[in-house]
Amino acid sequence: MRIWVDADACPNVIKDILFRAAARAQVTITLVANQPIRIPPSQFIKALQVQAGFDVADSRIVELTEAGDLVITADIPLAAGVIDKGGHALDPRGETYTKDNIKERLAMRKLMDELRSSGMSSASRAPQNIRDIVTRLGGAIREQWDARGYNYFPGDMFAFPMIGQSSDEPERI
């Protein structure tokens with residue numbers, strides 16, 4: 001299994017979490033973007049720069065994804081392409097895209113695009129607390145790995161020191 005990240009819009013804090021997860025679990029993570037990306041030195045972390053252009057990075061991720069791979073993206077059409085190839089998709093907040101919910105999300109995305117273009121709606125998702133995002137993302141990745149029978153996932157994968165807490169006593173998330 002490989003982890004692919006749609007890195008153009010992925011928040012830096014989520015990338016940092018994924019970098020630590022890749023190193024601890026010793027799983028390859030590849031960030032795909034149409035601009036240069038700085039990554040820490042690690043044999044498990046790679047960056048792939050594609051040409052600039054609409055959905056070029058998304059198309060490349062779908063092309064390279066194999067059945068069982070995990071893709072982190074907030075792009076619903078990209079998630080649909082990954083699912084069609086037998087891959088798994090999570091958004092950066094840790095919500096899982098599935099065969100059961102992807103069509104509904106595509107329809108909702110289309111409706112919201114139409115409402116925005118007509119000037120009827122400008123609503124967007126409310127920001128969340130980073131702790132909530134880390135908890136959901138960690139849980140979603142654990143679920144994906146448990147479902148595939150991986151047993152090398154360290155139990156303290158998402159144990160990070162929280163603000164005001166000493167680094168030798170991480171809070172388990």
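Contact here means heavy atoms within 4.5 Å. By that rule, I29 touches I3, V5, L18, A22, F44, I45 and K46, leaving out residues up to four places away in sequence. The model is predicted: local features need pLDDT of at least 70, side-chain atom pairs count only at pLDDT 80 or more, and totals for chains, interfaces and linings use all residues. Residues are numbered from 1 along each chain as its sequence is written, and side-chain values use heavy atoms, with hydrogens and water left out.

**The sheet**
- Helices (H or I, at least four residues) and strands (E, at least two) are DSSP runs, numbered from the N terminus.
- Two strands pair if DSSP finds at least two bridges between them.
- An open sheet is formed by 6 strands, with mixed pairing, in the order β3-β2-β1-β4-β5-β6.
- Its edge strands, β3 (45-49) and β6 (96-97), each pair on one side only.
- Helix α2 (residues 56-64) packs on the sheet and touches β1 (3-6), β2 (29-33), β3 and β4 (70-72).
- The direction of α2 makes about 170 degrees with that of β1; axes are lines fitted to C-alpha atoms, for helices over the stretch in contact, and angles run from 0 to 180 degrees between N-to-C directions.
- Strand β5 (residues 88-90) pairs with β6 in the antiparallel sense over 2 bridges.
- L90 stands opposite T96 in β6.

**The cores**
- Buried means under 20% relative accessible area, exposed over 50%, and partly exposed in between (1.4 Å probe, protein chains only).
- A nonpolar core is a set of buried Ala, Val, Leu, Ile, Met, Phe, Trp, Tyr and Cys residues joined through side-chain atoms within 4.5 Å.
- The largest nonpolar core has 21 residues; I3, V5, L18, I29, L31, I72 and L137 have the most contacts inside it.
- At least two residues of this core come from each of β1, α1 (12-25), β2, β4 and α5 (130-147).
- Helix α1 gives the most, with 6 residues.
- A second, separate core of 15 residues includes A57, I61, I76 and L78.

**The salt bridge**
- The count is 1 salt bridge (a side-chain nitrogen of Lys or Arg within 4 Å of a carboxyl oxygen of Asp or Glu).
- The side chains of R60 and E63 form a salt bridge, 2.6 Å from N to O.
- These two residues are 3 apart in helix α2, so about one helical turn separates them.
- E63 is exposed at 52% relative accessible area, while R60 is partly exposed at 28%.

**Helix α3**
- Helix α3 (residues 76-84) is mostly covered, with 7 of its 9 residues buried.
- Just after α3, G86 takes a positive phi of about 90 degrees.
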